[in-house]
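The following exercises concern the reading of a protein model. Each task is followed by a solution in steps.

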Amino acid sequence: VASAPSTTTAANNASSSGSTTGHSNPFPRKLMEMLRKEDLSIVAWLPRGDAFTVRDADRFVKDVLPRYFRHTKLTSFQRQLNLYGFRRITKGPDAGAYRHELFHRDCPDQCLQMKRSKQKGSPQ
């Protein structure tokens with residue numbers, strides 16, 4: 001009987017280590033990795049490093065998204081951006097790019113502070 005609590009605790013620890021609570025925010029970390037590794041003609045930082053843009057949507061969906069995420073639809077990717085608080089630039093030369101105050105090329109660890117907003121209508 002004495003071993004039951006430790007087994008339960010070990011099981012809880014094992015299951016919680018893979019959860020999306022706490023500092024685990026896989027989307028921003030994967031996005032940062034993607035921008036570091038992928039072909040600049042497909043997806044790239046803007047020169048200042050404070051926003052990024054998808055330059056070739058077809059190749060992005062076909063070749064890049066499947067390497068990093070389970071979803072392979074541009075709309076699903078855009079929804080994740082929105083849930084993490086990214087804003088789309090709508091005017092000027094950077095129109096179409098996405099930015100977030102905690103997501104910057106030169107400060108990659110800042111993205112660990114990003115939080116995913118709760119989904120509307122979600123029972124959480």
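**Exercise 1. Determine how many helices and strands the chain has, and in which order they run.**

Solution. The chain of this predicted model contains four helices and four strands. Read from the N terminus on, the elements follow the order α-α-β-β-α-α-β-β.

**Exercise 2. Identify the buried residues of helix H4 and explain why they lie on the same side.**

Solution. First, list the residues: within H4, which spans residues 74–83, Phe77, Gln80, Leu81 and Leu83 are buried. Because these residues cover an arc of only 165° around the axis, they are on the same side of H4. The general principle is that an α-helix has 3.6 residues a turn, so residues three or four places apart point the same way.

Then find the partners: the buried residues of H4 pack against helices H2 (26–37) and H3 (57–68), and against strands E2 (51–54) and E4 (98–99). Last, look past the helix: Gly85 follows H4 and has a positive phi, near 90°.

**Exercise 3. State what percentage of the chain is buried.**

Solution. Taking buried as under 20% relative accessible area, 32% of the 124 residues qualify.

Note on methods:
Residues are numbered from 1 along each chain as its sequence is written. This is a predicted model: local features need pLDDT of at least 70, side-chain atom pairs count only at pLDDT 80 or more; totals for chains, interfaces and linings use all residues. Side-chain values use heavy atoms; hydrogens and water are left out. Buried means under 20% relative accessible area, exposed over 50%, partly exposed in between (1.4 Å probe, protein chains only). Helices (H or I, at least four residues) and strands (E, at least two) are DSSP runs, numbered from the N terminus. The arc is that of the directions from the helix axis to the C-beta atoms. Contact means heavy atoms within 4.5 Å.
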